[in-house]
Each structure stands twice: as structure tokens, then as C-alpha cells.
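Here is a short briefing to read alongside the model.

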Amino acid sequence: MAWQTCELQKPVLSIQALTSLGKFCKPETVKLSTAFRLATRNGSRRLLHSRVAQQISDGSIDNTALTTLASLLQKLSVDACHGSPEDSLRDGQWVKLICGASFEDVAEVRNLSLVYTLAGVDCIDCAANPAIVAAVGEGISAAKHVVDYLEIDFEQCFRKPWIMVSINDDEDPHFRKAEFDARFCPPNCSRPCERVCPASAIHFTADGTVSALPYKKSTYGDANVYTSPLVGGVITERCYGCGRCIPVCPVRNIGAKNYVRSTEAIIELLRGGEVQAIEIHTGAGHFEAFESLWKRLETALQSLKLIAVSLPDLGDCMTSSLSSMYAIMQPSLRCPNLWQLDGRPMSGDIGKGATMAAVSLAARVASSSNRPPGYLQLAGGTNFYTLAALERAGLFKSLDKRDEVYTTEALVAGIAFGGYARKIVHDCFSTLEKTGPALQLESYPSLLLEAVRQAASLVGPIKSFKFGSRGQIR
Ligand code: SF4
Ligand code: SF4
């Protein structure tokens with residue numbers, strides 16, 4: 001699917017329409033945030049009240065899900081909603097949700113933001129696309145309305161997470177989209193691409209017809225003789241560039257297109273005031289590109305609360321690379337900085353083993369005495385097993401073993417969860433899609449309850465880590 005440009009002529013008054021629009025527009029060309037706010041400022045609250053009230057009155061739902069949700073939120077609030085996101089960084093209890101630097105499904109981003117705000121994350125990291133930033137804001141507002149609707153202690157149960165946008169200084173796997181032309185797919189292909197995609201971003205319909213046979217070579221691979229009744233391909237806004245579909249294609253029909261976000265669009269987004277943090281993805285040998293991007297953005301970064309730099313494992317060059325980048329940033333750095341250690345990029349949903357790369361990278365960087373200032377946060381392979389692995393490595397809290405007391409600074413400030421965080425709520429989101437036309441998860445309290453339960457199982461253990469009188473976990 002090719003990007004198309006579009007102009008928004010007038011406010012669009014339904015979230016469904018906004019979602020469709022978001023699907024087919026090139027991110028930098030869409031100025032949706034104002035319209036999105038107009039359309040949804042009070043929409044989610046009204047919808048929650050009316051749909052839930054109707055479900056209760058027609059007997060299709062009892063109050064159990066709502067009551068259970070209220071008590072779950074009260075339980076979570078004890079640990080998750082105290083202090084600011086900056087306190088969490090300092091205390092080593094920072095949790096970030098990664099929606100995906102390239103993930104641009106407006107409705108799903110909105111519901112992810114709702115669920116993980118209720119679960120108590122400190123920050124929501126999303127694509128630097130105005131429509132997506134607006135969707136995150138809408139999800140956070142919806143969380144506020146849920147707490148309000150349940151009439152539980154608002155101040156205790158709700159805390160607004162920071163919104164972070166991810167950008168890149170050069171080519172980076174987080175900023176690419178897979179693509180292929182289904183006309184080159186062999187008719188008998190078992191479609192491993194569809195099965196391997198963690199984002200359900202590949203979709204075929206079998207009922208299409210191909211009118212003109214493409215007797216030319218496929219852009220990416222060997223296929224030049226196949227014709228197929230298959231119609232479909234990559235759903236661009238759902239693809240987040242993990243690349244898993246590429247090697248499984250038997251005829252090498254799948255490729256990927258890289259892109260770099262436009263600096264002008266990023267500056268405009270930052271000036272909009274809805275974004276509190278930014279993350280720059282960089283890599284080996286990117287110093288010039290990093291410096292150039294930093295200089296172009298410098299002024300727009302001044303009002304932010306956190307600046308993160310995301311790097312993969314650069315081996316022996318890791319500490320010196322961090323120092324070089326810090327030297328570029330330091331003269332104009334006006335807020336705390338964070339190093340996102342991207343152990344095994346975009347692999348958290350794969351399983352237990354994926355987390356080890358992130359933990360061993362963190363151990364190496366944390367033990368380096370000449371690393372530059374900045375919080376350390378794990379990503380890339382993070383999942384349910386990461387916290388236990390960090391504790392085993394002695395990294396989760398800076399415990400002074402002699403005195404059995406914790407110092408105020410944590411060695412590792414926190415964890416960011418991406419693919420795994422999305423995977424554990426995927427079933428709820430799929431059921432929502434099949435259930436009806438409403439795209440707001442809070443319209444279905446039992447689904448919302450299940451999604452928040454899943455999210456809390458990931459966020460809660462980090463937030464509820466407590467100190468006993470002699471530094472014991474209790
Ligand atoms: S790159 Fe990853 S997310 Fe994108 S279509 Fe392929 S498998 Fe799916
Ligand atoms: S694996 Fe390759 S050939 Fe098979 S359906 Fe997917 S893109 Fe087409």
C-alpha cells in the first residue's frame with residue numbers, strides 16, 4: 001500500500017472516520033490533532049456512560065466486571081500512581097509502554113494507551129505522527145474518565161503518563177515498513193509471512209481477481225512467473241518493521257522501505273505542547289547524523305522533560321559512543337537524559353531467551369565506571385522475565401550489600417515494554433474488533449478488565465517493589 005497525501009478540510013466527528021483517515025495518510029502530511037480533540041474531547045466519556053448503562057439495563061452485562069475493575073484499579077493505585085514519572089526514574093521504578101516507532105493504527109494505539117495508563121506506566125512512547133500523538137492523548141483521557149466513572153479516588157488512581165515520540169537520525173529497523181506485491185505470490189504458498197507477523201499486519205483475501213498479469217520480475221525476489229488470485233499485502237499502519245516476514249518468504253517477494261521522519265514535522269509536533277519527551281534512535285557510526293539532527297532540533301527540545309537516546313549493543317564501542325553522544329548533547333541539555341539499551345530489538349514477544357541480550361547489555365554499561373551521566377533503561381527483548389533477570393544480575397536496585405540498604409539512585413532506572421506489552425492484550429483487542437462497531441475498549445468493561453489485568457501483571461511487579469526495614473523485598 002502506497003502512502004497517500006491528504007488534507008483535512010473540516011473536523012471529522014467520528015473516531016471511526018478518523019481511524020480510516022489515519023490508515024491511508026502519510027504521517028507527516030496529516031494534521032489531525034485538533035480535529036481529533038474536537039471529535040473526542042467528550043466523546044469517550046459520553047459513550048462509556050451510555051453504552052455501559054444500556055448494557056446494564058438490558059441485562060447483557062452485570063456489574064461484576066465494573067466492580068472488579070474498580071477494586072483492581074484501587075489495588076494498583078497503591079503503588080503505581082504515587083510520585084511523578086521523574087520520581088520513578090530516580091527510584092528505579094520507571095515503566096514505559098512502547099506503542100512502536102512505526103506502529104500507526106490509531107484505534108489500537110488509543111486503546112493501548114488507555115489500558116497501560118490504568119496499569120500505571122510512566123511514559124507512552126509512540127510514532128512521531130500528530131494523529132498518533134492525539135490517539136495517545138485520547139487513550140489517557142479515556143483512562144481518566146474510567147476512573148471518574150467508577151467513582152473511585154481520582155487522585156489516588158490516576159496519574160498522567162508522559163507522551164514520548166520516537167525519531168531516527170538515519171536508517172534504523174524501527175523506521176521501516178515491509179511491502180510486497182501479492183500478484184507475485186505462488187498460488188500454493190502456505191503464507192508463512194502471515195503467520196509469522198506479530199502485528200497481524202499481513203492480510204490476504206482469496207476472492208480477488210488479477211486482471212493484468214505482471215510479466216515482469218518482482219521488485220525484491222525471484223518471482224517472475226507466478227500469477228495468483230491472492231489480493232492483499234502489508235497493512236502499512238500496523239507494520240512496525242520487525243522484519244520477521246522477510247526471510248520466511250520462499251520466493252523472496254518481501255522487502256522493506258526505510259524512512260526518516262521529517263525534522264520540520266517533528267519541530268511542529270514538539271511545539272504543539274502535547275509531547276513531554278523524545279527518543280532519538282541512533283546506531284554505530286551515526287555520529288555525524290546524530291549531531292546534525294541534534295543541532296536542528298536543539299531549540300525545540302528546550303521545553304521537554306526527558307530526552308532519551310536509543311542504541312543497540314555497540315560492543316566494545318558502547319561506552320565511548322555514549323560519551324561522544326553526551327558530549328554533543330551536553331551544552332544544550334536542559335532536562336534529564338536517558339540511555340535506552342536496545343538489547344535485541346523488537347523481540348520481547350518471542351520468549352524468555354530474548355530478554356538476556358538486554359540484561360547483559362545493561363550489566364555491561366552499568367558496570368562501566370566512565371559512562372556518561374544519564375538514566376539507564378532496558379528495551380529490546382524485554383518481557384515478563386526481564387525483572388527477575390535484572391534482580392538476579394543485581395541491577396534492579398542499587399543495593400549496598402554491606403549495609404543492606406538501598407541508595408537513592410537505582411543502577412537501572414526502569415524497563416520499556418513493546419512487543420510483549422502489545423501481545424498480552426492482543427486477544428482482548430481482537431475480541432473488541434469482532435464484537436461490534438465501537439472501537440473504544442471501555443465500552444466493554446469485561447474486555448477492559450481483562451486487558452488491565454494483563455497489563456498490570458507486567459507493570460505491577462516493578463511498581464510494587466517495596467523496601468523492608470533492612471532492604472528486604474516484601
Ligand atoms: S516487518 Fe514485521 S510487523 Fe511488518 S509485516 Fe513483516 S512481520 Fe509484520
Ligand atoms: S510468503 Fe511470500 S509468496 Fe508466500 S504469501 Fe507471503 S509474500 Fe507471498
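In strand 9, Leu306, Ala308, Ser310 and Pro312 point one way, Ile307, Val309 and Leu311 point the other way, and all are buried. Here "buried" means 20 or more other C-beta atoms within 10 Å of a residue's own, "exposed" means 12 or fewer, and "partly exposed" lies in between, with C-beta atoms placed from the backbone. In a regular strand the side chains alternate between the two faces of the sheet. Helices (H or I, at least four residues) and strands (E, at least two) are DSSP runs, numbered from the N terminus.

This is a predicted model, in which local features need pLDDT of at least 70 and side-chain atom pairs count only at pLDDT 80 or more, while totals for chains, interfaces and linings use all residues. Residues are numbered from 1 along each chain as its sequence is written, and chains are lettered from A and ligands numbered from 1 in the order in which they are written.

**The chain as a whole**
- The protein chain has 18 helices and 14 strands.
- Of its 474 residues, 47% count as buried.
- Taking contacts (C-beta atoms, placed from the backbone, within 7 Å) between residues at least 6 apart in sequence, 81% join residues at least 24 apart.

**Strand 9 and its partner**
- Strand 9 is mostly covered, with seven of its seven residues buried.
- Strand 8 (residues 277–281) pairs with strand 9 in the parallel sense over five bridges; pairing requires that DSSP finds at least two bridges between two strands.
- Within this pair, Ala277 stands opposite Leu306 of strand 9.

**Helix 13**
- Helix 13 covers residues 318–329, twelve in number, and its first and last C-alpha atoms are 17 Å apart, close to the 16 Å expected at 1.5 Å a residue. That expected span is 1.5 Å times one less than the number of residues.
- Met318, Ser321, Leu322 and Met325 are the buried residues of helix 13. They lie on the same side of the helix because they cover an arc of only 100° around the axis, the arc being that of the directions from the helix axis to the C-beta atoms.
- These buried residues pack against helix 12 (287–297), strand 9 (306–312), strand 10 (337–342) and helix 14 (355–366).

- In helix 11 (residues 263–271), the buried residues are Ile266, Leu269 and Leu270. Their arc around the axis is only 95°, so they sit on the same side of helix 11.
- Glu264 and Arg271 are exposed on the other side of helix 11.
- The cover over the buried residues of helix 11 includes helix 7 (130–149), strand 3 (162–168) and helix 12.
- Gly273 follows helix 11 and has a positive phi, near 85°.
- Ser292 is found in helix 12 and counts as partly exposed because it has 15 C-beta neighbours inside 10 Å.

**Around the ligands**
- Ligand 1 is surrounded by 14 residues, the closest being Ala178, Cys197, Cys239, Cys242 and Cys245; a residue is near a molecule if its C-beta atom, placed from the backbone, lies within 6 Å of it.
- The shell around ligand 2 includes Phe180, Cys185, Arg191 and Asn253.
- By class, the ligand 2 shell has nine nonpolar, one polar and one charged residues. Ala, Val, Leu, Ile, Met, Phe, Trp, Tyr, Cys and Pro count as nonpolar, Asp, Glu, Lys and Arg as charged, and the others, Gly among them, as polar.
- Cys185 is in the loop between strand 4 (176–179) and helix 9 (192–196).
- The C-alpha atoms of Cys185 and Asn253 are 7.3 Å apart, although the two are 68 residues apart in sequence.

Technical notes: Two residues are in contact if their C-beta atoms, placed from the backbone, lie within 7 Å.
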